[in-house]
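Thanks for coming, everyone. I'll be brief.

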Amino acid sequence: MSAILETDGLVKEFGGLTATDDVNLSIEQGELLSLIGPNGAGKSTLINLITRMLEETEGDIRFEGESITDLEPHEVVQRGIGKSFQTASIFPDLSVEENANIASLGAEHGDFRFNFLVHRNSYPEVEQRTLETLEAVGLRDQRNTRAADLPYGDKRRLEIGIALASEPSLLLMDEPTAGMSPEETQATVELIEQLQEELDLTILLVEHDMEIVFSVSDRIAVLNRGSIIAEGTPDEVQGDPSVQEAYLGGVEL
Amino acid sequence: MSDEVKSAEATESGEVDRSPSLYDRWAAVREHEAAVAALTFLGVFLAPLVLVVLPEMLGVPTQYIWYRSLIVLALIWGIFAVGYDLLLGFTGLLSFGHAIFWGTAAYAAGIFSANVTGSPIAMILVGTTTAVLFAWVIGWISLRRGGIYFAILTLAFGQMIYYVFLSPLGWLTGGENGFTGVEVEPLLGFLPLGAEVAVVPDAIVQTWMYVFVGLAAVLAVVVGNRILNSPYGVVLRAIRENEQRAEFVGLNVWRYKLMAFVISGAFAGVAGSLYVIQRSFVPIENTLNWTVSGEIVIMTVLGGVGSLFGPLLGAGLYMYVANIVSGMPAIGDFWHMILGLVFVLVVVLLPEGLWGGLTWLRERAAEAFGGEDR
């Protein structure tokens, strides 16, 4: 196994506040690493640094061995880092099929093409991928539905479908079950496990639901006040006294 | 438009057992590009018959009805509005500077006609190229900011260019008098635009000017429709809906926005050149003045943002109020207020504009004829 993503001494300061403090995180090919930590621990900042929504203060981020700190967010996506958002970040006024179609265009055509006079019919490979994406998240029958009219759980599935259409090698999942009913949560967990197995995805999961984290993770990294205070298998992390102290508050698990 | 394409397809493939109703068949036809072209062609070239000849025959007093050159003017503004809607309605970018592209194209075409050749087609090429260059530079700078800042930047550029053309470049542009030396030559060298078309009945086109502008308008709709059916059609709407997500499927959102800006600038350029060809004069107040940037927003919103044909209707309604209602006895002097009232009524009652209203009517009709409800 080799590291697909490494952060090297990553620091992010907002004014006087250090949101990410010298983080050295390494994600191995094919694993599911969960990032946990109390509110304000810097999880979102770390995700935003990796996706290049934020500019780091210091340090380096390497993806597949190459630094990505000079790239734009869409270039990072083109390299193979996908992201699924905390809220169902979809294109509400477009149909489900069009939602998947956009993702397929980004995947098949790269970040830009000068093809505004070419009919969409001339790209069967894009249509093919659109269909595959819809199949993968089980929304093919709803493809003509306006995305805004889907039930919340289906919106989140569509969201994940959009993130997957570009066939990322690393998927960042920001609280994929936030706001879901228990049934929807269960379905999403199954989807994550299935994705990891079938697509050989590497996943970085940010999640608050400890039950999910401890059941699906290969490894867990615990972030507190911008620093990683523990890292290891679920068992190791669970037993770590500093984690219990800082985050779990001594709750028996 | 394009989501309707898919539902039409779904009707064909998904529900084989159900014989398609008249409305479904009509809907399927309507979405083919050739059908869009043919319908636009019919609409454009039947307009004089419907708007001028028929009302005259019915005895409507002439001061209340359209005249031919006004239809030409409305078509020219319609071309402008179709392009503007690609930016406002489909990409979700509100520009307050589109007078720049309409106006610089008008000046370029006019000055070119005075100094090089007055061939209408060459004038359009020169005008449109100028507009595209301006759009590229101004878009490149303005699109670094979003929302209200983008709108203000485009407005600021518009004012800058207006004053530069008004005074420092007055020796070239004619300053506040406008550029008067426009020399329009016959189309293709032998068809004077003002001359009557010999073969076609007078009721339909009358002059070559109408044919020329009418064909340009049809072409504008056809190109606009193709853009909406190209990958840009979904990408631009995706940017309007959720820019961040579009970035996160790996699309270079900024470059697509710039392309939308430049494409709408090109439409404005074609329209601005045609405007000069029609008027044989470049009035600065009707080309580079910031009010033009406002008028195009009003026309597009009146007609219906996010629709292909709506902006044409909006341009028509605006032209009617500004040129016919303004000449009506008693109420004519209040035409600005009437336009304002019409605008408020449309925005409040028909948030999707005139075209949205027509779509609503069509859907009600579809229900009545047993078509698929959508």
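**The sheet in chain A**

Start with chain A. Its open sheet has six strands, in the order E7-E8-E9-E4-E10-E11, and the pairing is mixed. Which strands stand at the edges? They are E7, residues 81-84, and E11, residues 227-232, both of chain A. Each has a single partner strand, so one side of each is left without a neighbour in the sheet. From one strand to the next, the twist averages 20 degrees. Keep in mind that this is a predicted model.

Now go inside the sheet. Strand E4 of chain A, residues 32-36, runs parallel to strand E10 of chain A, residues 219-224. Four bridges join them.

H5 of chain A, residues 152-165, lies across E7 and strand E8 (170-174) of chain A. Relative to E7(A), helix H5 runs at about 170 degrees.

**Where the chains meet**

On to the interface. Contacts link 30 residues of chain B with 33 residues of chain A. Which elements of chain B give two or more residues to that side? These are helices of chain B: H1 (2-14), H9 (208-229), H10 (231-241), H11 (243-247) and H12 (253-279). H10(B) gives the largest share, seven residues. By class, the side of chain B that touches chain A has 15 nonpolar, seven polar and eight charged residues.

**A helix pair in chain B**

Stay in chain B. Look at helix H13, residues 290-303, and helix H16, residues 353-368. Their axes come within 3 Å and cross at roughly 5 degrees. Angles under 35 degrees count as roughly parallel, and H13(B) and H16(B) are therefore roughly parallel to each other. Who makes the contact? From H13(B), B:Val301, B:Leu302 and B:Gly303; from H16(B), B:Gly353, B:Leu354 and B:Trp355. That contact has four nonpolar, two polar and no charged residues.

**One loop residue**

Last stop: B:Leu187. Its place is in the loop between helix H8 (170-173) and H9 of chain B. Is B:Leu187 buried, exposed or partly exposed? There are 18 other C-beta atoms within 10 Å. The buried class needs 20 or more, and the exposed class 12 or fewer, so B:Leu187 is partly exposed. Leaving out residues up to four places away in sequence, B:Leu187 touches B:Pro120, B:Leu193, B:Trp208 and B:Phe212. B:Arg226 lies 39 residues away along the chain, and the C-alpha atoms of B:Leu187 and B:Arg226 are separated by 27 Å.

That's my tour. Over to you.

Conventions. Residues are numbered from 1 along each chain as its sequence is written. Chains are lettered from A and ligands numbered from 1 in the order in which they are written. This is a predicted model: local features need pLDDT of at least 70, side-chain atom pairs count only at pLDDT 80 or more; totals for chains, interfaces and linings use all residues. Two strands pair if DSSP finds at least two bridges between them. Axes are lines fitted to C-alpha atoms, for helices over the stretch in contact, and angles run from 0 to 180 degrees between N-to-C directions. Two residues are in contact if their C-beta atoms, placed from the backbone, lie within 7 Å. Ala, Val, Leu, Ile, Met, Phe, Trp, Tyr, Cys and Pro count as nonpolar, Asp, Glu, Lys and Arg as charged, and the others, Gly among them, as polar. Angles under 35 degrees count as roughly parallel, over 145 as roughly antiparallel, 65 to 115 as roughly perpendicular and the rest as oblique.
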